[in-house]
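Please keep the sequence and the coordinates at hand while reading.

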Amino acid sequence: METGKAAPPKYAKVTKVLGRTGSRGGVTQVRVEILEDGNRSIIRNVKGPVREHDILTLLESEREARRLR
């Protein structure tokens, strides 16, 4: 278990909804733009309802989801 403090959460804006994934379609794959780094965008998996222009709180912003086929 890590003993150091966790990094503060980062905020990201959904720029595009890419599609549904997961065994029952319960996860949505989206492209997000990190608000602190204006030109950085990554693909993330989101559980629950989401649409374009939503703001997400990312507890971890380094990991990127694999692209849907």
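Asp-54 is partly exposed, with a relative accessible area of 24%, where buried means under 20% relative accessible area, exposed means over 50% and partly exposed lies in between, computed with a 1.4 Å probe and the protein chains only. The model is a predicted one, in which local features need a pLDDT of at least 70 and side-chain atom pairs count only at pLDDT 80 or more, while totals for chains, interfaces and linings use all residues. Residues are numbered from 1 along each chain as its sequence is written, and side-chain values use heavy atoms, with hydrogens and water left out.

The partner of Asp-54 in a salt bridge is Arg-51, with the closest N and O atoms 4.0 Å apart; the term stands for a side-chain nitrogen of Lys or Arg within 4 Å of a carboxyl oxygen of Asp or Glu. Arg-51, at 61% relative accessibility, counts as exposed. The structure holds three salt bridges, and another of them joins Asp-37 to Arg-40, where the closest N and O atoms are 3.8 Å apart. Both ends of this pair are partly exposed, Asp-37 with a relative accessible area of 28% and Arg-40 with 23%. The side chains of Arg-63 and Glu-60 also meet in a salt bridge, at 3.4 Å from N to O; here Arg-63 is exposed at 57%, whereas Glu-60 counts as partly exposed at 27%.

The fold behind these contacts can be read along the chain. The protein chain has zero helices and four strands, and its elements run β-β-β-β from the N terminus on; helices (H or I, at least four residues) and strands (E, at least two) are DSSP runs, numbered from the N terminus. The C-alpha trace spans about 35 × 30 × 20 Å along its principal axes, and of the 69 residues of the chain, 26% count as buried.

In what order do the four strands lie in the open sheet? The order is E3-E2-E1-E4, with antiparallel pairing, and two strands are said to pair if DSSP finds at least two bridges between them. The edges of the sheet are formed by strand E3 (41-47) and strand E4 (55-58), each of which pairs on one side only. Neighbouring strands of this sheet are turned by 50° against each other on average, direction ignored, the axes being lines fitted to C-alpha atoms. Strands of a sheet pair through backbone hydrogen bonds, either parallel or antiparallel.

The pairing of strand E2 (residues 27-34) with E3 is antiparallel and extends over seven bridges. One point to inspect is Arg-31, whose bridge partner in E3 is Ile-43. Another is Asn-45, which is found in strand E3 and counts as partly exposed at 42% relative accessibility. Asn-45 and Gln-29 are 16 residues apart in sequence, yet their C-alpha atoms are 4.5 Å apart in space.

Asn-39, in the loop between E2 and E3, is exposed, with a relative accessible area of 76%. The C-alpha atoms of Asn-39 and Ala-7, which are 32 residues apart along the chain, are separated by 21 Å. In the loop between E3 and E4 lies His-53, which counts as exposed at 55% relative accessibility. The phi of His-53 is near 75°, a positive value in a residue other than glycine. Most residues other than glycine have a negative phi.

Where does the largest share of the largest nonpolar core come from? This core has 10 residues, namely Ala-12, Val-14, Val-30, Val-32, Ile-34, Ile-42, Val-46, Val-50, Leu-56 and Leu-58, a nonpolar core being a set of buried Ala, Val, Leu, Ile, Met, Phe, Trp, Tyr and Cys residues joined through side-chain atoms within 4.5 Å. The elements that give two or more residues to this core are E1, E2, E3 and E4, and the largest share, three residues, comes from E2.

Tyr-11, found in strand E1 (residues 10-21), is partly exposed, with a relative accessible area of 41%. Together with Leu-35 and Ile-55, Tyr-11 forms a nonpolar patch on the surface with about 290 Å² of accessible area. Such patches are made of residues with over 30% relative accessible area and no salt bridge, like charges being joined within 9 Å and nonpolar side chains (Val, Leu, Ile, Met, Phe, Trp, Tyr) within 5 Å, and the accessible areas come from the Shrake-Rupley method with a 1.4 Å probe.

Definitions and conventions
Axes are lines fitted to C-alpha atoms, for helices over the stretch in contact, and angles run from 0 to 180 degrees between N-to-C directions.
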